[in-house]
Amino acid sequence: MESRRVSPVFVGRASELAELAAGLARAGRGEPQAYVIGGEAGIGKSRLLDEVLAAARAAGAVTAVGFCVELGADGLPFAPVAAILRSLHRQLGPELAAAVTGREGELARLLPELGEARGASGDALDRMRLFELTARMLERLAADRPLVVAVEDLHWSDRSTRELLGYLFRSVQRSRLVILATYRADDLHRRHPLRPFLAELDRLRSVRRVELARLSDAEVVAQMAGITGGAPEPALARSVFERSEGNPFFVEELTASGGGRGLSESLRDLLLVRVEALSEGVQELLRIVAEAGSSVEHALLAEVARLPEPELLAALRAAVGGCLLVPTEDGDGYRFRHALMREAVVDDLLPGERARLNRRFAKALEAGHGLVPESERAARLASYWFHAGDGAKALPAVLAAAGEAGRRYAHAERLRLLERGLELWDTVPEPVRAGLRPVEPIWAYPEPHTPGRPMDYPDLLAEATMAAVLSEEKDRVLALSRRAVRVLDERADPLRAAWFWLQRSRARAGLGRYDGAAELDRARELVQGLPPSVVHAQILAQVAARSTLEMPGPELFATAEHAVRMARLVGAEQTELYARLTLGCVMTDSGDVAAGLAEMSAVIERLIEAGNIGLMSRSLVNFAATLAEVGELERSCQAVARGMDIAHRFGLEDTKGWLSANQAQVWIAMGRWPEAEAAAAAALRQARDVRPRASARLAAGHLARLRGDIEAAGEALATTRAEIDTPDLNPSMVVNLARLEVGVAASRGRIEDVRTALAAAVRIGFPPFTAYHAWEVFLAAAMAESEGRGLPAADPGRPAAVAAIRRAMAPTPRARPMWAALGRLVDVELKRAEGQDTPHLWADVLAALEPFGLPHHLAVARLGWAEALLAEGGPEARERAVEPLRRAGETALALGAAPLRERVARLAARAGLSPLPPAPPQPAEPPDPADAFGLTRRERDVLALVALGRSNRQIAEELFISPKTASVHVSNIMAKLSVSGRGEAAALAHRLRLVPLPVEG
């Protein structure tokens, strides 16, 4: 009977193969596909991947595979991506070269074969541009036929690889690209970095998850038959199934060992029995391969093994023939056929053996180049020396690897390496440390290094802090800078101390826990009286930017100008542009609108010219928002459209989210409500940062309130508060929150809640650059008071409330015509609350508002005018009231503003007028069976998703609500349906047709 180690028959996985085959077919039609395949170790992920790739190649696709390596945690960034690109370079050659024409310098950071990597542009965060260029290159290569790229072993992936994959999953829209990735599910402990990444992927509709289960007893028998060439004995098959528990790799091992008779029950012993059956020479070779990492190049293995070529080849042939090793995808090296086998061999090594082998690998890499890809050499050398236990060799190697990671924009891996350097610092003799020089300062810190000056511990802390800044690990910024200010003597070295305080301030503000004001003030104190420097300019620029969020004094303009001058003096263009943008905002807000907008526009043009994306997001978003704030709504829309193009070109995904959120606000004001709703939804999809997502939710909530959907508006308000509930909320966010909170309370008729919400907002204050939204807050409060004036029971608190609104709005600027018009609208609403409004006042408000194209505001003013005319009495006034009342009704109907339409209808009915066009007739519909259970509209939406098997988190993402809110809805639904679980609820929903039937196809 023939016996093989691996079954030639692929057993089971029929449904998984069918799903992946369907994905390949969709890709062939131009729909990009992404699958993440998970399962325990040995479950057959790689075998399934091999089958899929073979089928894809047979259908004419190009395929490439890259493996994540355990070294990734020590700073080997983009390892699988580089392997995939090298494979494509070998296969496609000229086609790949054509796809990257003009971008070789940037993409050489991932694929050195493309040429010399282009230098970094100052402080610009070019990382997203690298991701964008990679995505566009893959799209071009997948334009005419399917391209399938696979990343194995995501559980070992470095953060840079995960972020690039996430970018590809989100941004590739039109191509025949298929991305496959595998991961070992049983390795994912609670704090494993892959867990949040997988959770993020679950929210993307473009990514499908495939989870592999264990084999059934019949499938185990089929696998054993494939291995042995005949049906196994029933007792043997039963033993193998019970001991393997359906894990295909364990089935192979137990079958190959005759059922595992006499073997230890431990997995390690089960795996090692195959190794121990080989000669000592082959075993030693396997130990070397295991300690090398996930794979090893043939040339490096030959150097470390120190065997004559015939003996080396004979040992490799035995290991490959025994199905322990397999050649790597590129044919240049070897890896274990299964990671579990490698882990067992590594675990069997004694500590001294491991250190000895790592030293041999390190010495081999030091002695010659060309043994490994040059892009990996520094990181692997650092890892080998570290695990060899030689700190004097490891520290310089770690710093060199950190520099290489920084040049590739792998900031998270650079941070891990520099933190390892901090661990090693005190273990290294002083003469070795004296020979070290700071890591190449790709990112300015804080002054150019003095040539020849040795690195000291604060230097290393600064490099690590900047890596944490660039990798957006703000907690690490705080921890590292805290350590720095403890070891630095601020009197002897105030400049470097100030730099660390500046980083602490930025990190605290970015975390939203605190505004960072105290840290920034300390930094400013330390540089007072010092000569001009980059650090001083950075601090002044930050002080000016912070002041725009507070209640600024007259010194704000002077501080911004001072920052610009100092940055120019010391040649810090990045800081100069940052300060100029702030200066432009200040000029605009103070009334010099044309000059301020021109300054902001000039900054944007310079950033685009230099390809400097470090400030591009802030500049594009602030420019569009400032245009809207001063009433230039059409120009704001144009700025958003251009900003979207620029953000797409430079790969700035969060910028798109911010721009979409701002666009939604502008379109609400302009009466383009369907587009506003779409823009808010787009912002929620595009943005990762909580702030643009919160802004989009608030816009959606405001729109829902104007339409009369108070339930949705309240949910938006609650979700936003849950997401950004911090003690030191950004004041501009407070204004938007206050507008929605006041509006929702007013719509619910809760006048005391209106007054409480307004008072809370007034206590915090309305900062600059929020005048439009501040007037909106006052308008909502004033309308709540004026609408309540006609209630039968007099409200004794109304006069005090009206007086409080007037006091609160007194400092709000009216310098711009639109602000003045909104202020006049609030004024007359307050007079209406007091019963003192007149037709003349409303006519003046209407004339002031008309130039700005604010249809809802105009309709409110026309309604107020008509009401005042009717109150004046007389046939002439009554006749004059008809036209504004009719136009207000038409606008309310066109917008879908149900509350406004109801106000118009009530006034028309009181006056005995019929100026309103009828609402569009609705076809008669059969009774909704859900009505019998008292389900609300939102509960029906939730039930429909429960019926599709969605979790609370998935329901929350799809409906733009919080998971907690989704859970409350599900509980309410179960109570109303009188069911005990989600399965019963789904079954009842389908049986009684409480939700729409799923569409086939």
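Analyst: Two residues are in contact when heavy atoms lie within 4.5 Å. Axes are lines fitted to C-alpha atoms, for helices over the stretch in contact; angles run from 0 to 180 degrees between N-to-C directions. Helices (H or I, at least four residues) and strands (E, at least two) are DSSP runs, numbered from the N terminus.

This is a predicted model, where local features need pLDDT of at least 70 and side-chain atom pairs count only at pLDDT 80 or more, while totals for chains, interfaces and linings use all residues. Residues are numbered from 1 along each chain as its sequence is written, and side-chain values use heavy atoms, with hydrogens and water left out.

Five strands build an open sheet, in the order 2-3-4-1-5, with parallel pairing. Two strands count as paired if DSSP finds at least two bridges between them. Strand 2 (62-67) and strand 5 (207-211) are the edges; each has a single partner strand, so one side of each is left without a neighbour in the sheet. From one strand to the next, the twist averages 15°.

Six bridges link strand 2 to strand 3 in the parallel sense. Val 65 sits opposite Ala 150 of strand 3. Buried means under 20% relative accessible area, exposed over 50%, partly exposed in between (1.4 Å probe, protein chains only). Val 62, Ala 64 and Gly 66 point one way, Thr 63, Val 65 and Phe 67 the other, and all are buried. In a regular strand, side chains alternate between the two faces of the sheet.

Strand 1 (residues 33-39) and strand 5 are joined in the parallel sense by five bridges. Ile 37 faces Val 210 in strand 5. Helix 1 (residues 14-28) lies across strand 1, strand 3 (147-152), strand 4 (177-184) and strand 5. Helix 1 runs at about 160° to strand 1.

Next, the chain around it. The 1001 residues of the chain carry 48 helices and eight strands. Buried residues make up 55% of them. Among contacts between residues at least 6 apart in sequence, 68% join residues at least 24 apart.

Three strands form an open sheet in the order 6-8-7, and the pairing is antiparallel. Strand 6 (296-297) and strand 7 (325-327) stand at the edges with a single partner strand each, so one side of each has no neighbour in the sheet. Strand 7 and strand 8 (residues 333-336) run antiparallel over three bridges. Val 326 has Arg 335 of strand 8 as its bridge partner.

On to the packing. A nonpolar core is a set of buried Ala, Val, Leu, Ile, Met, Phe, Trp, Tyr and Cys residues joined through side-chain atoms within 4.5 Å. The largest such core holds 264 residues; Leu 88, Phe 169, Leu 300 and Phe 778 touch the most other members. Helix 38 (residues 771-787) gives the largest share, twelve residues. Apart from this core lies another of 20 residues, among them Leu 24, Leu 49, Val 52 and Ala 56. Leu 300 touches residues including Phe 361, Leu 365, Val 372 and Tyr 384, not counting residues up to four places away in sequence.

The axes of helix 25 (residues 517-527) and helix 26 come within 10 Å and cross at roughly 140°. The crossing is left-handed, the term for a near helix turned anticlockwise from the far one by less than a right angle, with clockwise being right-handed. Among the contact residues are Leu 520 and Arg 524 of helix 25 and Ile 539 and Val 543 of helix 26. Just after helix 25, Gly 529 has a positive phi of about 85°.

Helix 26 (residues 534-547) has 14 of its 14 residues buried, so it is largely enclosed by the rest of the structure. Its length checks out. The expected span of a helix is 1.5 Å times one less than its number of residues. For helix 26 that should be 20 Å, and its end C-alpha atoms are 20 Å apart, which agrees.
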